[in-house]
Amino acid sequence: MTLYFVLVIIFCLFSLLVQIQSSTIGVSYISRLLHTQDRERTSPSVQVAAVRSLVNRLIPSHSSTFDFQIISKEQCGGESCFILTNHPSFNGYGTPEILISGFTGVELGAGLHWYLKNWCGLHISWDKTGGVQLSTVPKSGSLPRLDHNGILVQRPVPWNYYQNAVTSSYTFVWWDWERWQKEIDWMVLQGVNLPLAFTGQEAIWQKVFRSFNISNSDLNDFFGGPAFLAWSRMGNLHGWGGPLAQSWLDQQLILQKKILTRMHEFGMTPVLPAFSGNVPAALKIRFPSAKITHLGNWFTVRSDPRWCCTYLLDATDPLFTEIGEAFVKQQRKEYGMTSHIYNCDTFDENTPPIDDPDYISSLGAAIFKGMQNGDKDAVWLMQGWLFSYDPFWRPPQMKALLHSVPLGRMVVLDLFAEVKPIWITSEQFYGIPYIWCMLHNFAGNSEMYGVLDAVGSGPVEARTSENSTMVGVGMSMEGIEQNPIVYDLMAEMAFRHDKVDVKTWIDKYSIRRYGKLVSSMQDAWNILYHSIYNCTDGSPNKNRDTIVAFPDVDPHLIVVTKAHSGGIKQANTKWASLEEETDDSYDKPHLWYETSEVIKALQLFLTSGDELSGSNTYRYDLIDLTRQVLSKHANQLFLKIIKAYQSNDKGGVDKLSRSFLELIEDTDALLACHEGFLLGPWLESAKKLGLNDEQRRQYEWNARTQITMWFDNTDEKASLLRDYANKYWSGLLRGYYGPRATIYFKHLIQSLEKGEKFPLKAWRMEWIALTNNWQLGQDLFPTRPIAADHALNISRWIYDKYFQPYSDHAYI
């Protein structure tokens, strides 16, 4: 390093443009692990080379514009950081203009993004949500100059976590290396340095269980199908969607090695899985004296033993430690490297049989012992979701589990902190280091939703609270490729020391998102910020809109009343489930804002269309917003159908139901205008991984089943997880949701004609038969947008058709 660079860095340390604050006490607890990881990280030259390759993939025209170098934490002021300076040797086109220094390759990538975002107006989102907006980046040789003092940005906490245990199934399941490479690049640019790395673990398990006399055929009933592996891994189910072909296991292991290699090249800390106690049934036969519990039902219909009621090896049994140790060692042998952090969620939706704190403490100690025997530096990363939903975990039980391992050897993910922060109610997890996470999305549902104020302030409040044990921020969504604004802001919180003025941030966001200042769009986003992206009612975002989660209800039991709120007529409904013994088992559609305000935002989007129609990011947002407005309109239209039915108005039911089905067709045509809303890519990517016709049929069945029934059903009883992973995708509406609604409306009309009770059984049987046929279907769906250039015209046509007649927006 030249003397110039040293002087620049030293000067930057005394000219901070980002406030530096001391680390939390939680960081001191994990300092030993951080030192170990720093020592074992791949060489600086490898990390710099990885970032240079990223630049070539992101913006190849500027491949020589940026220079990179790895620096120490001491040069960063004791924390991970990146530093931006004008390059001293810049003398015109073709020479480096900006020098980016950072502690790891991740900091270098994050620094690159920080510069392009804040000085060049670049915007990055997933391809399916509009992709990268590059039009505002000046040509090489004329990039904006920095202040001569330079810019230093430190991480306020060491880790930026990414993924959920189920993201691997809801989003990543069909990805090839090309798609994974894009995602890893996205992670680096967002500063993610602590991602889960769960791909390919079944091949490792196959080798481990073989050493315990479990054959490959024994595992056919253990592993779930590709789209359901996440829940097979967690011990919620077995065999559903399987068995897995050996070719799948081998392919996924090869893919995992590529993923890990690239993550390590960037200096990331990938989190590997650990043994949670979930075992194949054959283990009970091979080890009859082992403490193996047959678990209860997990959402199957009639407790079907073909895939419910898995087996859990008690952590206090010596065999548990043996298997846990063998699994960690096999991963280290296979991958040749480890970051020493292992994820294990033994009790995620599997409640311990005994609530005695001493017993729970012994379970936790035994789980960790298996990790530690396999890796002496092991640290247990655990999702804190169980503390959010399971009343079993009262303070004594929580403390027993959290204190069952040495301090600094467990880190908890406060998984739903933007809505239900556990760090507050648990006295900062009773002194255990934790990561503040934004869950945001369930099952990859398509819904415009967010809690931006909580995202922009929650991590700062947690970190600066008294005796804070926070050690990171994270994004723990169940599915990605939606709501890019939410993830743009959350990613920034990995480097933010102060709370964000969200209103000012959103004004800048709309400029970066579309590549130009359009005042009407800033007004539109201000409305969306105060409505759609300001959900403060505490309800999780599980989309139950009528179109995609059609109410499985007896229409006579739905109570429809009218009330006025803020000048707009709202419908307060009591939805009754077909499970007549309780009407609480049905999730109601969620509405947390006034639809009239969002319609005004849509008007502003449409008036801005002539100026922005060439922008892919604009087209995605326009379609998503139009879809959002239509979906809420459909909910109210359904209630009008129910009201007509309850009034014995056959003509009204017939007319309104035809309008509902027409709305589905119109929505499908709208969604067909952007690749982010297509069913085709999901199905084709699944089939692409099959090596023969049989595998292609199996994988497509997995893909179709996950987004419809999800789990098992009988001829007369629908899956308990039906529509959980629903999607607003073109092809799915036209091919499945529309025909399903048609069946229901047909039975409504027939019951009125015959003067008979609504035929619950007949409706359900016909719906299930439709689903079974659709899941086995081989029909093709477009993988590219249809009439993408007409997205604006279609949105305007939809607005005129459905909302223009209701200028006062009282459209119930």
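## Close-up views of a predicted model

**View 1. Three bridges join strand β15 (residues 410-414) to strand β16 (residues 434-438), and the two strands run parallel.** Helices and strands are here DSSP runs, numbered from the N terminus, with at least four residues (H or I) for a helix and at least two (E) for a strand, and two strands pair if DSSP finds at least two bridges between them. D414 stands opposite W436 in β16. The structure is a predicted model, in which local features need pLDDT of at least 70 and side-chain atom pairs count only at pLDDT 80 or more, while totals for chains, interfaces and linings use all residues. Residues are numbered from 1 along each chain as its sequence is written, and side-chain values use heavy atoms, with hydrogens and water left out.

**View 2. β15 and β16 belong to an open sheet of eight strands, ordered β8-β7-β17-β16-β15-β14-β13-β9 with parallel pairing.** At the edges stand β8 (194-195) and β9 (272-273), each with a single partner strand, so one side of each has no neighbour in the sheet. Helix α3 (residues 31-40) packs on the sheet and touches β7 (159-162), β13 (341-343) and β14 (379-383), where contact means heavy atoms within 4.5 Å. The direction of α3 makes about 80° with that of β7; axes are lines fitted to C-alpha atoms, for helices over the stretch in contact, and angles run from 0 to 180 degrees between N-to-C directions.

**View 3. Helix α24 (residues 616-646) has a length that agrees with expectation.** After α24 comes N648, whose phi is positive, near 60°.

**View 4. The largest nonpolar core has 267 residues, and F387 and F660 have the most contacts inside it.** Such a core is a set of buried Ala, Val, Leu, Ile, Met, Phe, Trp, Tyr and Cys residues joined through side-chain atoms within 4.5 Å. The largest share of this core, 14 residues, comes from α24. Leaving aside neighbours within four places in sequence, the residues in contact with F387 include M382, W393, V412 and F429.

**View 5. The rings of W205 and F209 form a stacked pair.** Rings of Phe, Tyr and Trp (its six-membered ring) pair if their centres lie within 6.5 Å, and planes under 30 degrees apart count as stacked, over 60 as edge-to-face and the rest as tilted. The ring centres of W205 and F209 are 5.2 Å apart and the planes are at 25°, so the pair is stacked. Both residues lie in helix α8 (residues 201-210), four residues apart, about one turn of the helix, and both are buried.

**View 6. The rings of F638 and Y744 form a tilted pair.** Their centres are 6.3 Å apart and their planes are at 40°. Because F638 lies in helix α24 and Y744 in helix α28 (residues 732-754), the pair ties together parts that are 106 residues apart in sequence. F638 counts as buried, at 0% relative accessibility, and Y744 is buried too, with a relative accessible area of 0%.

How values were computed. Expected span 1.5 Å × (residues − 1). Buried < 20%, exposed > 50% of the residue type's maximum accessible area, 1.4 Å probe, protein only.
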